[in-house]
Amino acid sequence: MTVKVFLDEKDIPRQWYNLAADLPTPMLPPLGPDGNPVNPEMLAPVFPMNLIEQEVSTERWIDIPEEVLDLLYRWRPSPLRRAKYLEEALGTPAKIYYKDEGVSPPGSHKPNTAVAQAWYNKQFGIKKLTTETGAGQWGSALSFACALLGLECKVYMVRISFDQKPFRRLMMETWGGQCLPSPSETTNAGREILKLHPETPGSLGIAISEAIEAAVTDPKGETRYSLGSVLNHVMLHQTIIGLEAKKQLKMIGEKLPDVVIGCAGGGSNFAGLSFPFVADKINGANIRIVPVEPTSCPTLTRAPFAYDHGDVAKMTPLLPMYSLGHTFVPPPIHAGGLRYHGMAPLVSQATVEGLLEPESIPQLECYESAVLWSRTEGTISAPETSHAIAAAIREAKKAKEEGKEKVILFNWSGHGLMDLTGYQAYLSGRLEDFALPEHEMQESLKSMADLPKPPMNKSGKW
Ligand SMILES: Cc1ncc(COP(=O)(O)O)c(C=O)c1O
């Protein structure tokens with residue numbers, strides 16, 4: 001039985017896939033403070049124009065520059081593996097395949113877009129990037145990418161993760177990045193929050209406000225902001241994962257998968273694996289496509305589709321997305337990268353269309369699944385990734401009940417070697433589930449009450 005499939009470097013995909021070209025209903029535009037659609041010039045203080053062009057593009061295929069491929073070759077193509085030992089432990093007739101994104105130097109899928117974004121910024125003459133990070137995976141990925149391209153990097157890390165994951169900070173510093181706990185005293189946004197809530201665990205929404213403020217206030221104009229998820233160009237860069245997976249499945253004679261799974265924080269690793277298969281579904285294939293989120297931060301499964309800001313200080317335009325409200329501060333679960341109030345507009349619109357079947361899973365089931373994974377497959381998974389594993393296990397058990405030999409494909413988005421405090425809490429019985437109480441969600445949704453409401457446009461085909 002083949003347990004790993006390597007794609008030759010010469011067969012690496014040379015174009016990214018843009019789902020915006022194929023969604024049956026067009027994407028709604030982001031809105032500015034006056035309620036009108038933002039134009040590319042309005043985004044120019046925040047992002048370089050070459051990335052803004054990708055952000056608004058509706059071209060189906062976008063060429064990957066040779067220089068970006070050269071950066072990606074350091075770890076790509078990533079292996080497609082078969083979770084044979086987990087299958088045996090579950091006694092399932094299902095075949096479970098996964099893309100191993102843990103092979104990148106920082107250990108997750110995040111460098112796929114980090115190196116592309118750093119390269120486009122450098123082309124545009126930018127000298128320094130600022131960003132936020134939850135679990136620290138994105139901050140370390142961008143620090144790594146900036147080191148390769150000779151850019152400065154400043155990372156605002158959500159306080160709870162900064163405290164839980166000191167080694168992530170050291171990784172960033174080793175690559176030459178600067179890492180600050182957020183909220184910090186270095187920005188107006190951070191100082192405001194600290195005045196109101198000195199003990200706050202922080203949130204991605206707060207850290208984004210700080211990173212954007214730090215970029216747009218550079219008096220020399222040589223700094224831009226870089227986002228590790230949510231935006232269209234980030235989804236685009238990640239599609240190399242699914243495009244490789246398609247080639248690898250074909251190499252071993254597999255048909256299209258029956259189920260495609262990814263954990264979803266801002267949506268990028270899920271989109272990266274699944275969008276090329278969403279295209280098949282749009283063209284008639286019968287595939288169940290599942291983004292998985294924590295029950296404590298149930299964006300796709302419980303929140304409304306709304307226009308909302310991407311950050312607490314309302315510095316970003318209004319994005320059409322499922323959102324728990326930009327003031328939402330999620331419970332301090334260990335999957336820091338899944339503690340975001342919103343969801344990528346592309347993932348959101350595909351959900352509105354009915355192309356996706358989102359699920360939420362509690363933290364304890366995810367750790368239980370991740371520990372079973374380690375004791376069968378061997379590797380230690382990021383807490384975010386454990387959500388995808390838990391969903392894959394649910395699907396494999398269902399296949400067993402139904403007696404069907406389903407093909408399940410999921411994204412193993414990263415390793416958890418820097419996330420062992422979560423395992424420590426689980427193994428010592430101290431870990432708890434947090435289901436978000438309805439009244440807390442309603443309170444946080446109030447922050448969107450006065451914002452424009454997007455139409456739920458859908459073709460009605462799914
Ligand atoms: C390993 C890993 N998986 C998943 C995620 C979630 O992010 P996204 O939904 O953008 O893939 C993160 C975010 O930090 C991560 O570090």
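Reply: For the classes used here, Ala, Val, Leu, Ile, Met, Phe, Trp, Tyr, Cys and Pro count as nonpolar, Asp, Glu, Lys and Arg as charged, and the others, Gly among them, as polar. In this predicted model, the residues of the shell around the ligand then divide into 13 polar, seven nonpolar and one charged. Of the 21 residues around the ligand, those that come nearest are Gln137, Ser229, Gly265, Gly337 and Gly414. Two or more residues of the shell are given by each of helix H6 (137-149), helix H13 (268-282) and helix H17 (383-402), and the largest share, three residues, comes from H13. Seen by domain, the shell draws at least three residues from domain 1 (4-9 + 75-107 + 232-448) and at least three from domain 2 (17-63 + 109-225).

From the shell, H6 leads on to another helix. The axes of H6 and helix H5 (residues 111-123) come within 8 Å and cross at roughly 40°, and the two helices are therefore oblique to each other. The crossing in which H5 passes H6 is right-handed. On the H5 side, the residues that meet H6 are Pro111, Ala114, Val115, Ala118, Trp119 and Lys122, while H6 contributes Ala141, Leu142, Phe144, Ala145, Cys146, Leu148 and Leu149 to this contact. By class, the contact of H5 with H6 holds 12 nonpolar residues, one charged residue and no polar ones, whereas the shell around the ligand has 13 polar residues.

Conventions
Residues are numbered from 1 along each chain as its sequence is written. This is a predicted model: local features need pLDDT of at least 70, side-chain atom pairs count only at pLDDT 80 or more; totals for chains, interfaces and linings use all residues. A residue is near a molecule or strand if its C-beta atom, placed from the backbone, lies within 6 Å of it. Helices (H or I, at least four residues) and strands (E, at least two) are DSSP runs, numbered from the N terminus. Domain bounds come from an automatic or database domain assignment. Axes are lines fitted to C-alpha atoms, for helices over the stretch in contact, and angles run from 0 to 180 degrees between N-to-C directions. Angles under 35 degrees count as roughly parallel, over 145 as roughly antiparallel, 65 to 115 as roughly perpendicular and the rest as oblique. A crossing is left-handed if the near helix is turned anticlockwise from the far one by less than a right angle, and right-handed if clockwise. Two residues are in contact if their C-beta atoms, placed from the backbone, lie within 7 Å.
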